[in-house]
Amino acid sequence: MMYNDKVMDHFLNPRNAGEIENADGVGEVGNAKCGDIMRMYVKIEDDVIVDCKFRTFGCGSAIAASSISTEMLIGKTVEEALAITNKDVVDELGGLPVVKVHCSVLAEQAFKVAIYDYAKKHNKTYAGLEGFDPDDLEDAHEH
């Protein structure tokens with residue numbers, strides 16, 4: 001399986017890895033069967049994501065998708081962040097092997113769950129979260 005240079009760079013030198021103490025929102029998604037577990041932390045001020053970190057237990061694609069997602073999210077408003085899709089994550093990485101696209105889906109789910117967590121804690125509603133329920137997330141690994 002071939003990964004491009006950008007995926008390899010984010011895998012070998014992940015950006016924003018770690019945890020945010022007292023994060024405004026935390027999202028954890030994953031699948032113990034395949035081993036990819038992703039936890040995303042967000043710090044939000046005035047509806048802008050000022051910091052985003054991740055802890056991912058998984059393959060190189062999962063780590064690269066987490067890493068690039070944090071870069072894509074920081075500085076965005078919550079609504080802008082909610083508009084980001086797994087396809088945007090794949091495009092930003094310059095592509096992923098088809099069998100690894102589920103890693104980008106996990107990244108999208110992780111940050112959406114983190115924002116959902118923030119919204120719930122702060123009694124906020126966002127158009128991008130309408131109808132979103134973390135308990136209903138499809139398993140990204142079931143195609």
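**Close-up views of a predicted model**

**View 1. Lys-100, in the loop between helix 4 and helix 5.** Helices (H or I, at least four residues) and strands (E, at least two) are DSSP runs, numbered from the N terminus. The model is a predicted one, in which local features need pLDDT of at least 70 and side-chain atom pairs count only at pLDDT 80 or more, while totals for chains, interfaces and linings use all residues. Residues are numbered from 1 along each chain as its sequence is written, and side-chain values use heavy atoms, with hydrogens and water left out. Lys-100 is buried (under 20% relative accessible area, where exposed is over 50% and partly exposed in between, with a 1.4 Å probe and protein chains only). Leaving aside neighbours within four places in sequence, Lys-100 is in contact (heavy atoms within 4.5 Å) with Met-1, Tyr-3, Cys-59 and Ser-61.

**View 2. Ser-104 in helix 5.** Ser-104 is buried, with a relative accessible area of 0%. Apart from neighbours within four places in sequence, the residues in contact with Ser-104 are Ala-65, Asn-86, Val-89, Val-90 and Leu-96.

**View 3. The largest nonpolar core, with 37 residues.** A nonpolar core is a set of buried Ala, Val, Leu, Ile, Met, Phe, Trp, Tyr and Cys residues joined through side-chain atoms within 4.5 Å. Ile-49 and Leu-93 touch the most other members of this core. At least two residues each come from strand 2 (36-45), strand 3 (48-57), helix 2 (60-73), helix 3 (78-82), helix 4 (86-93) and helix 5 (101-121), and helix 5 gives the largest share, 10 residues. Beyond neighbours within four places in sequence, Leu-93 has contacts that include Asn-4, His-10, Ala-64 and Ile-68.

**View 4. The hairpins of strands 1, 2 and 3.** Strand 1 (residues 25-31) and strand 2 pair in the antiparallel sense over seven bridges, pairing being assigned if DSSP finds at least two bridges between two strands. Gly-27 has Met-40 of strand 2 as its bridge partner, and in the turn of this hairpin, which has four residues between the strands, Gly-35 has a positive phi of about 95 degrees. Strand 2 and strand 3 are also antiparallel, over nine bridges, with Cys-52 in strand 3 as the bridge partner of Val-42. Two residues lie between strand 2 and strand 3, and Asp-46 in that turn has a positive phi of about 50 degrees.

Terms used: Lys, Arg positive; Asp, Glu negative; His and termini not counted. Salt bridge = Lys/Arg side-chain N within 4 Å of Asp/Glu carboxyl O.
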